[in-house]
Amino acid sequence: MTGSTRSSQGLDDRRKRLLFRCWHRGTREMDLILGRFADATIGELSDQEIGELEHLIEVPDPDLYAALTGDKV
């Protein structure tokens, strides 16, 4: 898989931006983790959950990857 499988059609601008940012993190590993998550859930997330995801993607890739995989930075 090399990118989003979900169309952004029907999403509001905030969700479109977030979907794009989840697929364009900077490291391929985080693109795949967050991009796939966004593809699967972006349309069903509440506004509060969208806000939490927006904050989460501000975490640097190495730190976020370590937290998600249980590795130490």
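**Exercise 1. Describe how helix 2 and helix 4 pack: at what angle, and how far apart are their axes?**

Solution. Start with the method. Two packed helices are described by the angle between their axes and the distance between the axes. Helices are DSSP runs (H or I, at least four residues), numbered from the N terminus. Axes are lines fitted to C-alpha atoms over the stretch in contact, and angles run from 0 to 180 degrees between N-to-C directions.

Now the values. Helix 2 (residues 28-41) packs against helix 4 at about 60 degrees, and their axes lie 10 Å apart. Helix 2 is therefore oblique to helix 4. The cut-offs: under 35 degrees is roughly parallel, over 145 roughly antiparallel, 65 to 115 roughly perpendicular, and the rest oblique.

Last, the hand. The crossing of helix 2 and helix 4 is left-handed: the near helix is turned anticlockwise from the far one by less than a right angle.

A note on the source: this is a predicted model, where local features need pLDDT of at least 70, side-chain atom pairs count only at pLDDT 80 or more, and totals for chains, interfaces and linings use all residues. Residues are numbered from 1 along each chain as its sequence is written, and side-chain values use heavy atoms, with hydrogens and water left out.

**Exercise 2. Decide whether Asp61 and Arg25 are buried or exposed.**

Solution. First, the contact: their side chains form a salt bridge of 2.4 Å, N to O. Then the places: Asp61 is in helix 4, and Arg25 is in the loop between helix 1 and helix 2, 36 residues apart. Both Asp61 and Arg25 are buried.

**Exercise 3. Compare the exposure of Arg15 and Asp12.**

Solution. Arg15 and Asp12 form a salt bridge of 2.9 Å, N to O. Arg15 has 9% relative accessibility, so Arg15 is buried. Asp12 has 37%, so Asp12 is partly exposed.

Methods
Helix = DSSP H or I, 4+ residues; strand = E, 2+ residues; numbered from the N terminus. Salt bridge = Lys/Arg side-chain N within 4 Å of Asp/Glu carboxyl O. Buried < 20%, exposed > 50% of the residue type's maximum accessible area, 1.4 Å probe, protein only.
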